[in-house]
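Hi everyone, thanks for coming. Let me put the structure up on the screen so that we can walk through it together.

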Amino acid sequence: MLEAAQPAFRVYQQQVVKNARALAAGLMQRGFRLVSGGTDNHLLLMDLRATEITGKVAQETLDLARITANRNTVPFETRSPFVTSGLRMGTPTITTRGMREPEMDEVANLIARGLSHVGDQHALAKVAEDTTALCRRFPLYHH
């Protein structure tokens, strides 16, 4: 609670939300549908029902691209909770790394590239390299 009461924490939380909104915009610009049409907090929920990709396949594909996301049900879900039609992601960790709105467009691009190459190990390895390069620019720990 002490940390949450600090002015710096408020600035951090505001940036988390700005990043989530920028990531949402970047994903929507690339043709992805988000439940509720965007976000007002740190989370985004992609609705993949208009694609042939399930939440499970999307999660496993992005894992190969070194992007962490979780399969998630969407409103009026028709698939099993183990498969799902949605993909959930958040922005706190990338905000902690120091990423801001410009990098959210890069992240949206990496996600789109990954999901456009389901099953293509070579292409996903290239996305993973690019994901790693972005993360190296924003290390979690500074020495």
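This is a predicted model: local features need pLDDT of at least 70, side-chain atom pairs count only at pLDDT 80 or more; totals for chains, interfaces and linings use all residues.

Residues are numbered from 1 along each chain as its sequence is written, and side-chain values use heavy atoms, with hydrogens and water left out.

Let's begin inside. The largest nonpolar core has 30 residues. By nonpolar core I mean buried Ala, Val, Leu, Ile, Met, Phe, Trp, Tyr and Cys residues joined through side-chain atoms within 4.5 Å. Buried is under 20% relative accessible area, exposed is over 50%, and partly exposed is in between, with a 1.4 Å probe and protein chains only. Leu23, Leu27, Met46, Met89 and Ile111 have the most contacts inside this core.

Which elements give two or more residues to it? They are helices H1 (7-29), H2 (55-64), H4 (101-115) and H5 (121-137), plus strands S2 (43-47) and S4 (86-90). Helices (H or I, at least four residues) and strands (E, at least two) are DSSP runs, numbered from the N terminus. H4 gives the most, with 7 residues.

Take Met46: not counting residues up to four places away in sequence, its contacts (heavy atoms within 4.5 Å) include Leu27, Phe32, Val74, Met89 and Leu115.

Now the helix pair. H1 and H4 pack at about 40°, with their axes 8 Å apart. The axes are lines fitted to C-alpha atoms, for helices over the stretch in contact, and angles run from 0 to 180 degrees between N-to-C directions. That makes H1 oblique to H4; under 35 degrees counts as roughly parallel, over 145 as roughly antiparallel, 65 to 115 as roughly perpendicular, and the rest as oblique. On the H1 side, the contact includes Asn19, Ala22 and Leu23, and on the H4 side Met104, Ala108 and Ile111.

Have a look at Asn19 in H1. Is it buried or exposed? Asn19 is buried, at 0% relative accessible area, and among the residues it touches are Thr91, Thr95 and Met104.

Finally, the loops. Most residues other than glycine have a negative phi. Arg66, however, has a phi near 65°; it sits in the loop between H2 and strand S3 (70-72) and is exposed at 54%. Phe76 also has a phi near 65°, lies in the loop between S3 and S4, and is exposed at 75%.
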